Amino acid sequence: MMRFFSIFFLSILLFTVSNTAHAADSDAAALFYKMRERLNYVKDYVADVRMKIDVSFMRIPTVQGKLYYKAPDKLKLERNGGIAILPKKNINLTLSNLVPAGNTTVIDAGYDIIDNQKVHIIKVVPEQEQNDIVLTKIWIDEAHLLALRTETTTRDNGTIKMDLRFGKYADVALPDKVIFYIDVKEYKLPKGVTMDYDGNESIAGAQPAKGSKARKGKIQIEYLSYIINKGIPDEIFAEKAK
Amino acid sequence: MFRLELYKIFRRPRTYISFGIILAIALLIQVAMLFDGQTFLGFMLQGVEQFDIQGNVLNGYLITYIILQTLLIHIPLLVALVAGDAIAGEANMGTLRLLLTKPISRPRIILVKFAASVFYSLCLIIWLAIVGLTISLMLFGKGDMINLKSDAFVMILKDDVMWRYTAAFGFAALAMTTVAALSILLSVFADNSIGPIMGTMGIIVVLTIFSTLGLPIFDNIKPYLFTTHMIGWKGFFDDPVPYTAIGRSAGILAGYIVLFIGSAIYFFSKKDIQS
């Protein structure tokens, strides 16, 4: 009799735990799909941006320009005759491209706090194997259906972490500020080619690249204003990289 | 006497060959970049292949920077062509003794000939600025400037470039003045101008190898070689600009100028002039 009750209670316990986990994953999946649906509202935008690239071997001043985006993956920074530097197109700087498309497996990963705000963490694994994204971890503000942080592991481009801060465009899920953390490879040119002048003095604030390991870089974009869904011709994105 | 020295320099056809050579160097680089600049750029930007770099990268400012690299070897040769001839040329033509019969002190002769050589060097630098910067900007337009160092990628906004070029050309003038001073010194010891010209170039080539080879064995002597500091103009294209290092380099070059001209005056004053 005792054995019967033990098996009975254990079964109920397992059933409850399994159901709870399943329910949590279902909730997480619903949350993810709702958030992804919101991202689909924006088909294109032109944004005035201020951009700062913070990579150890790159000394680039903060630049202003216009960032053109057209769904699903077209992106271009224009700087009124100046040089525009963006990570290669396969590391896209838009949230919609760092969130897996198509069918996905969504796993509930608990809760966390970002800027004194409780956020729901979910892990999303795309079901299509040819997708460059292997896994995306998303920190979602459930009340506003906004992703405040993502961490995307890609097949070819390392891990891209993104922090997003929302303000006046939160209702269309467009951020006011985005910080990307990317893996950058070593930079080195032969001294015989560049014939550097060092003057026997290291430049203050400069961190010369050393070693062969990949290191982290940071790209910060402040979105000053947006013009949303007004249509952008494809020719805008046609210029080749020089 | 200064005007007479300038007359001597600028009446010779070979003086103008130097200006022609600078024009040819600049045009050669500009035409090469016009037709095959993308290949060059592709090689130089391979270190930042993770990034898409769009816009007018191959602009006039970058081309001028490439042309300015010739300051290390080619322009010194042109400076030596005239400065190396200053005393030795007079000796070769047999006019040095005649010159010394005039009531002009020997140090003054050296200083005037040095001043005339410096004037000629300044003309070369100004000409280089005109054909390098002006024609490059006309052919390639303006844009933000990329400076590729061995361990850093520097971008300078286009509105922030011109003052750097003004400063760089000013520093280049100082570097070429050092070359002129060296040539004058060597010219004191020779009776024909080939020796000082070849001597100047030989010293610059050998010291440049020491300065740029990057072997640890040369590290101890590198800071004392004037060729290490002749490329101080490049410092103006860094961010932040290493003013202390540039100032030190300028001081060392000035020190070499004083040393070379002081030595030239000393040896010329003691020299037994036989031609």
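## Overall organisation of chain A

In chain A, 55% of the contacts with a separation of 6 or more are between residues 24 or more positions apart, a contact being heavy atoms within 4.5 Å. The structure is a predicted model, in which local features need pLDDT of at least 70 and side-chain atom pairs count only at pLDDT 80 or more, whereas totals for chains, interfaces and linings use all residues. Residues are numbered from 1 along each chain as its sequence is written, chains are lettered from A and ligands numbered from 1 in the order in which they are written, and side-chain values use heavy atoms, with hydrogens and water left out.

Chain A contains three helices and 12 strands. These elements are DSSP runs numbered from the N terminus, with helices (H or I) of at least four residues and strands (E) of at least two. Of the 242 residues in chain A, 40% are buried. Buried denotes under 20% relative accessible area, exposed over 50%, and partly exposed the range in between, with a 1.4 Å probe and protein chains only.

## The interface between chains A and B

The interface brings 47 residues of chain A into contact with 48 residues of chain B. About 4,500 Å² is buried between the two chains, and 55% of that area is on carbon and sulfur atoms. Buried area here is the accessible area (1.4 Å probe) that two parts lose on being put together, summed over both.

Two salt bridges are counted between chain A and chain B, each requiring a side-chain nitrogen of Lys or Arg within 4 Å of a carboxyl oxygen of Asp or Glu. A salt bridge joins the side chains of R59(A) and D238(B), with an N to O distance of 2.4 Å.

On the side of chain A that touches chain B, the elements giving two or more residues are β2 (58-59), β5 (84-87), β11 (177-184) and α3 (191-194) of chain A. The most is given by β5(A), with four residues. This side of chain A divides into 25 nonpolar, six polar and 16 charged residues. In this division, Ala, Val, Leu, Ile, Met, Phe, Trp, Tyr, Cys and Pro count as nonpolar, Asp, Glu, Lys and Arg as charged, and the others, Gly among them, as polar.

D141(A) is placed in strand β8 (residues 133-141) of chain A. D141(A) is buried but has no salt bridge, and the nearest side chain of opposite charge, that of R38(A), is 7.9 Å away. For charge, Lys and Arg count as positive and Asp and Glu as negative, while His and the chain ends are not counted. The side chain of D141(A) does reach the backbone nitrogen of A143(A), at 3.2 Å. Not counting residues up to four places away in sequence, D141(A) touches Q117(A), V119(A), L146(A) and L148(A).

W139(A) also has its place in strand β8 of chain A. W139(A) is buried because its relative accessible area is 5%. Its side chain makes a polar contact with the side chain of D112(A) at 3.2 Å. Leaving aside neighbours within four places in sequence, the contacts of W139(A) include D112(A), I114(A), V119(A), L146(A) and L148(A). W139(A) and I114(A) are 25 residues apart along the chain, and their C-alpha atoms are separated by 8.5 Å.

## Backbone features in loops

D115(A) is not a glycine, yet has a positive phi of about 50 degrees. D115(A) is placed in the loop between β6 (104-114) and β7 (117-126) of chain A, and counts as exposed because its relative accessibility is 54%. A173(A), likewise not a glycine, has a positive phi of about 60 degrees. The place of A173(A) is in the loop between β10 (159-165) and β11 of chain A, and A173(A) counts as buried, at 8% relative accessibility.

In chain B, the peptide bond from D239(B) to P240(B) is cis, with omega near 0 degrees. P240(B) lies in the loop between α10 (226-230) and α11 (243-270) of chain B.

## A buried threonine in chain B

T64(B) is found in helix α3 (residues 60-68) of chain B and counts as buried, at 1% relative accessibility. A polar atom of the T64(B) side chain lies 3.4 Å from the backbone oxygen of G132(B). Not counting residues up to four places away in sequence, T64(B) touches G132(B), L133(B), S136(B), Y165(B) and F169(B).

How values were computed
Polar contact = N/O pair within 3.5 Å; in protein donor to acceptor, adjacent residues only side chain to side chain.
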